[in-house]
Amino acid sequence: MFPDRRRDVALPLLGAAVLWVVFVGGGLLYEMVAGGAAERLVTVMFIDAIVVLGIGIYVGNTGILSFGHIGFGSIAGYTFALFAIAPTEKLKRIPDAPFGLAEVSVGPWGAVVIAVLVTVAVAAVIGVGLARSGAESGAVAATVITLALLFVTHEVARNWPDLTGGERAGLFFTIGGALDSRIPVVVCLAGAVVVARLFATSRSGRLAIVAREDNLAARAMGVNPLVQQMIALLLSVAVVSIGASLRVYEDGSILPGNFFFSYTLLTLVMLIVGGRNSVTGAIVGVAVITAARELARRLGQDGFEVFGVGLDGPPLDWVFRENLQTVVLGVAMLGFMLWRPGGLLDDWELDRWLGRTRAGDAGDPPDDPAPQSPRDRVLVVRDVEVAFGGFRALDRAGIEATTSEVVGIIGPNGAGKTTLLNVVTGVVAPDSGTVILGDLDLTGRPPHHVARAGLVRTFQNLRLFSALTVRENVEGAALAARAGLRDRNDDRAVPGVDDLIVAAGLWEHADRRARELDYGNSRRLELARAAAAAPDFLFLDEPTSGMNDAESLAMVQQVRRMAALVGAGVVVIDHDLNFITSICDRVYCLDQGRVIAQGTPAEVKANPLVQRAYLGGAEPS
Amino acid sequence: MTELTQNLIDGLGRGSIYALLALGVAIVFGVMHLLNFAHGEMITVGGYLTYWTALQGWSWWVAAPLVLVGAVVTSLVIERVAFSRVRGSSDFTLLLTSFGVHFVVSAMFLLYVSASVKTFDRPGWVADTYAVGPLRVEVFDTVVITTAVVTLLGTSLLLNRTMFGLSLRAAAADFDTARLMGVRSDTVIRGAFALSGLLAGIAGIFWLMRAGSTVPSAGIDPMLKGVLAALIGGLGSLRGAVAGGFVLGIAEVVLRSRLPDGIAGLTEGVVFVLIALLFIFRPQGLVSVARAERV
Amino acid sequence: MLEVAGLTARYGAIAALRDAELRVGSGEVIGLIGPNGAGKTTLLNCIAGLVSPAGGTVSFDGEEVTGWAPERLVRSGLALVPEHRRIFVDLTVAENLRIGGVTVPGPQRAQRLAEMGERFEVLADKWDTPAGYLSGGEAQQLAIARALVSRPRLLMMDEPSLGLAPVLVDLVFDLIDELRAEGTSLLVVEQNASRLLAVADRAYVLRSGEIVATGTGEQLAARADLFDAYVGPSVDGESP
């Protein structure tokens, strides 16, 4: 159950500690070998790592590409500089600074706090725009907005010299010397690793990841991705702000160009080369790219001799030239996108690996849990009409169901079954008609709202969170269920994740990724995941599609058991009349958007209208 | 009133260039669902070609066609080398691929030409103006607007009247079905890149005439304008992209002339805030494209 | 004319089609029926080149065409009218037809379009209307006309009567008869099984990705258990 103290807290902390020790230790070791000249390189690498971890909190967990985090960094960097620089310095450089900023002095650590607060406030406003456009036009629109942000902060920094010192002068300062101790940097780095890793295992992080894997499926479980994305954004911007402040502190200056394209490229390359979905990957990426860039810089500058061949002269001098490191970064980005978009580690995580070697196999499954009795609720769907273009998909269709029965919906291809389900679960807004659950009017409400009200669905064409394990799939839904039960004042216990996995017959596959499952198991996982969202009604869209007869019959037991476990009524769409007959108490038959028959399975099956709807043929006399 | 008319004329000049860039972005987005962050590289290449012709002592009459050819070739080469390998990949991969292309191209110029600004002479008439009543109209704006209108009409004819244009629109609407009809995917995608390159080349000539210089990262600005304009207009809509270009151009000019002196330099910042507001209140852009989510 | 052997297709973990064997002779009308999710559309998409098969072969006119791109297959005379029609709603009727004739040389194309205008009179009336404004029946006629512009020797149709009123369904089946008379081979997926079996020379029944029955239209139509083959064996288990 979540949170599992060992898996979600202790091991990530241990993993973060190991990562931090290896990374910082490695840097210091290199410095000892390479001498004092490497000191700055190593410090900068640590700071870069903080920034990259910060970006990863957003980009990795939400899957939305952001070019704007360095823009946020710019805001933080300038805020930091404006508050940290002594008034005497500021009067020399920016005597006309607005808001009386020239006289303010709060010391470097106070300035970091202010920088974080200011930047997070800006991010909150921009986050609203990101969320709205992202929800409407997809992640691409959100990405463009982040890119525009980067440019705007750069423009403002260049063109507001009273505040920023302008393009050439910039802000230079000494606060009793530049950052003269490395301890604050490594402490902040430790914090960044811990925050990044713990966020990914937190409730909010998991829901963000679930929405990253499949936005619509997440919403249908009751997750509102916009909320989780906002939380990820604010946290990530806070971490980036700390890194940016440290960078300004270390440099002892800030110019508009410091937080612009080249730094964006550098940090993004570090993130994707290691693997953007992994904290370990971010650290590995920072190390690899720092090393590669340093090597390229030296090769470009001094030339090298390898096995007696001088790389500085012909025939290779056309490669080893100044600015080689920029080419290396560009090629690294392009190359990884073309051939290994997941990066070196993809989503491999150190602590999960540590946990797995210790835990061994899955252990014994828990005993059969007791079924729960459903709360009495009634779903009434009435007179629903939907037209797509000129095509009338639903023509005053309606169904009723209670939590104590299993209701089937059958009908030929194109009859409007899935459209009806889409209307009920908020995916499609009806032109007219109502969807009422108990005393709640759910007509036209968004999918996550409908799910929280107690209607949870599966998808005909399987929408699992394919990169996540079976357990993570079910857990994601269970996490979303809590909010729904609270909304409904339902004091039922959230169904146990382990129990559901056992009931679905997936215990031995619990730690496999959903995309590795075969078809039958994938279907069963969809069912378990929907049940984990603690619905009052389970809506199943073609749960036996593509199954053979034996599997279909097994599914009857599966559905019954799962529904009993969480105390939910079932509404099931299927073409397989045998399955429907075996499982349903009542059946509706749809044809051309209308309900043409209803009754017990036997009645419906014997209805000539139904036979005709399926097979065509003459009007029954 | 006069000032507003003056702003409108100036804004149309600027907007014409943005519209051509945005249309190119939208055409490629249509067939590949790729928002091309390397769209400005055609202009970077054109800039260095112009610089080279200037070194030879040749005039703009030589440079301009060269910029056009360079832009089309660059667009096609980028498609072949990079984008043809990521067809159908996730948005994330497509976006970062185009971003990577931008960096590789600009890094090449950085490495093999120079990091410093390369200048060339602007044509003599760029700064000339003539009077129409109380208004001062730039010769340059007149040429730009005329060329843009002719180009947009030509593009519209191409898209509506030719088999290629029809294939392009069909493929943008439903790629698989277009293939079922016999539309060759390679032809249509490469054609889209060539057309997008051509439009960027035309915009690029004027962009470079006005700029009079180039740097390795010169493509960023035109790219950003094109992408933002396409987004303002509503991604996927060609008409929207053109409208978005004009809206962006006029908004910039009006703001620049109306903002108080102290913050006139912040025009871009204000424009961004306005765009952000547009997205908050009308997230689908000016022209919305119906998109059904299949479940 | 068309020979499908051992065809298998997967979507991720899902085996949508297993070992399908199917043959369409020259001038034949072949039906393909079965419940939702049985793999009928997948089979047509595999043949048309939209889905790459995981195994097996497709031969057309004695030439192996497995894995060919759809645009190449159209040029060799094989066309598919896709499920849900998939007409280009923003393009006019005439433009939709011109796209259908993208493989036809220019001068001939105009003539073929004129032929379609004569054959489908409702379309001729709405030549310059955006296809999105057509009714369901008109849209279906457009989808078929669009595929006919290239004069395919084998025409595949996926659910041509889906969502149509009965009188329009008649129209679709009349058209199938006409095309057969003109010598076009047809492979038709149809939910209206009785109607299809009445016109088909032979038919295949697909269930859970496998072909479970085959025979002439009359043979299959006469089988009492056809309804069961559709909706699953009945509870008392009398069917195979």
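A residue is called buried if 20 or more other C-beta atoms lie within 10 Å of its own, exposed if 12 or fewer do, and partly exposed in between, with the C-beta atoms placed from the backbone. By that count, 52% of the 240 residues of chain C are buried. The model is a predicted one, so local features need pLDDT of at least 70 and side-chain atom pairs count only at pLDDT 80 or more, while totals for chains, interfaces and linings use all residues. Residues are numbered from 1 along each chain as its sequence is written, and chains are lettered from A and ligands numbered from 1 in the order in which they are written.

The C-alpha atoms fill a box of roughly 60 × 40 × 35 Å along the principal axes. Chain C has a radius of gyration (taken over C-alpha atoms) of 18 Å, which agrees with the value near 18 Å for a compact globule of 240 residues; the globule rule is 2.2 Å times the number of residues to the power 0.38. Two residues are in contact if their C-beta atoms, placed from the backbone, lie within 7 Å. Of the contacts in chain C with a separation of 6 or more, 65% are between residues 24 or more positions apart.

Chain A has 621 residues, 57% of them buried, and its secondary structure comes to 25 helices and 14 strands. Its C-alpha trace spans about 95 × 55 × 50 Å along the principal axes. Six of the strands make an open, mixed sheet in the order S10-S11-S12-S7-S13-S14. Strands S10 (455–457) and S14 (594–599) of chain A sit at the edges, each pairing on one side only; strands pair if DSSP finds at least two bridges between them. Strand S13 (residues 586–591) of chain A runs antiparallel to S14(A), joined by five bridges, and Val587(A) has Gly599(A) as its bridge partner there.

Now for where the chains meet. On one side, 45 residues of chain A are in contact with 40 residues of chain B. H5, H6, H13, H15 and H17 of chain A each supply at least two residues to that side of chain A, and H6(A) gives the most, with twelve. Elsewhere, 21 residues of chain C are in contact with 17 residues of chain B. Helices H2 (70–75) and H3 (93–100) of chain C are the elements giving two or more residues to that side of chain C.

Within chain B, helix H4 (residues 91–112) has 22 residues and reaches 32 Å from its first C-alpha to its last, close to the expected 32 Å; the expected span is 1.5 Å times one less than the number of residues. Because 18 of its 22 residues are buried, H4(B) is largely enclosed by the rest of the structure. Arg80(B), in helix H3 (residues 60–81) of chain B, is partly exposed, with 13 other C-beta atoms within 10 Å.

Technical notes: Helices (H or I, at least four residues) and strands (E, at least two) are DSSP runs, numbered from the N terminus.
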